[in-house]
Amino acid sequence: VIVGQHSLIQDCIFRDGNKHNVYVSSDCQVFDCQAVNAYRGDVAPTMYYYFELQTGGEDVLFHNCSAVSDQADTLARGFGGRKGEGGRFNEVNYTRCSASGLVSGFDAANGANLVTFDTCDVDSSLIGFALGVSGSFRLLHCTALNVFQPVISRASDMQVEIVGLSCTMD
């Protein structure tokens, strides 16, 4: 599913995505949605993916969304995105989102001035929160359970605020 700019998505289930279950453009809001399983032979899929070729400082919001894989050999990531050729997203905000059974729960690639994870959960995944290469990141009251590699990866040369992180590693 490809969602155009300035859109609101609510109460949807996105099943069996190919490269992405849902592809979100700038200035979109996604509420109470589920992405279930993703398949892609040549590229690791990202279930919720934000992207815009030319951004003008817009925001993207994910609220109470989940990304789940029950596939034993999945290469899928739950949430992620990036900018295209020019500009930057102002803020990408994940509130009460969850990811389970994935390579990476949240993969915040470059392209946003600020990425906030507020009360987000990752369970049974290889990596919890893979941060990008530029910008600022906030992890507020997040939980990572049964994460097999780093709970937070790529957290250098950037501003990272962590408040109330709870984690167990398997």
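Entry 1: The model I am reading is a predicted one. I then turned to Cys-65, which is also buried, with a relative accessible area of 1%. My search for disulfides returned a count of 0. Cys-65 is in no disulfide, and the nearest cysteine sulfur belongs to Cys-97. I noted why: the two sulfurs are 4.7 Å apart, too far for a bond, since a disulfide requires sulfur atoms within 2.5 Å.

**Entry 2: aromatic pairs.** I searched the whole structure and recorded 14 aromatic pairs. Tyr-48 belongs to strand β7 (residues 46-54) and Phe-62 to strand β8 (residues 60-63), 14 residues apart. Tyr-48 is buried at 0% relative accessible area, and Phe-62 is likewise buried at 0%.

I next examined Tyr-94 and Phe-117, whose ring centres are 5.2 Å apart with planes at 5°, so this pair is stacked. Tyr-94 lies in strand β11 (residues 89-95) and Phe-117 in strand β14 (residues 112-118), so the pair ties together parts that are 23 residues apart in sequence.

**Entry 3: the surroundings.** I found that Tyr-48, Phe-62, Phe-79, Tyr-94, Phe-106, Phe-117 and Phe-129 form one aromatic cluster. The largest nonpolar core has 41 residues, and among those touching the most other members are Phe-79 and Phe-106. For Phe-62, leaving aside neighbours within four places in sequence, I listed contacts including Val-24, Val-30, Tyr-50 and Cys-97.

Definitions and conventions. Residues are numbered from 1 along each chain as its sequence is written. This is a predicted model: local features need pLDDT of at least 70, side-chain atom pairs count only at pLDDT 80 or more; totals for chains, interfaces and linings use all residues. Side-chain values use heavy atoms; hydrogens and water are left out. A nonpolar core is a set of buried Ala, Val, Leu, Ile, Met, Phe, Trp, Tyr and Cys residues joined through side-chain atoms within 4.5 Å. Buried means under 20% relative accessible area, exposed over 50%, partly exposed in between (1.4 Å probe, protein chains only). Contact means heavy atoms within 4.5 Å. Rings of Phe, Tyr and Trp (its six-membered ring) pair if their centres lie within 6.5 Å; planes under 30 degrees apart count as stacked, over 60 as edge-to-face and the rest as tilted. Helices (H or I, at least four residues) and strands (E, at least two) are DSSP runs, numbered from the N terminus.
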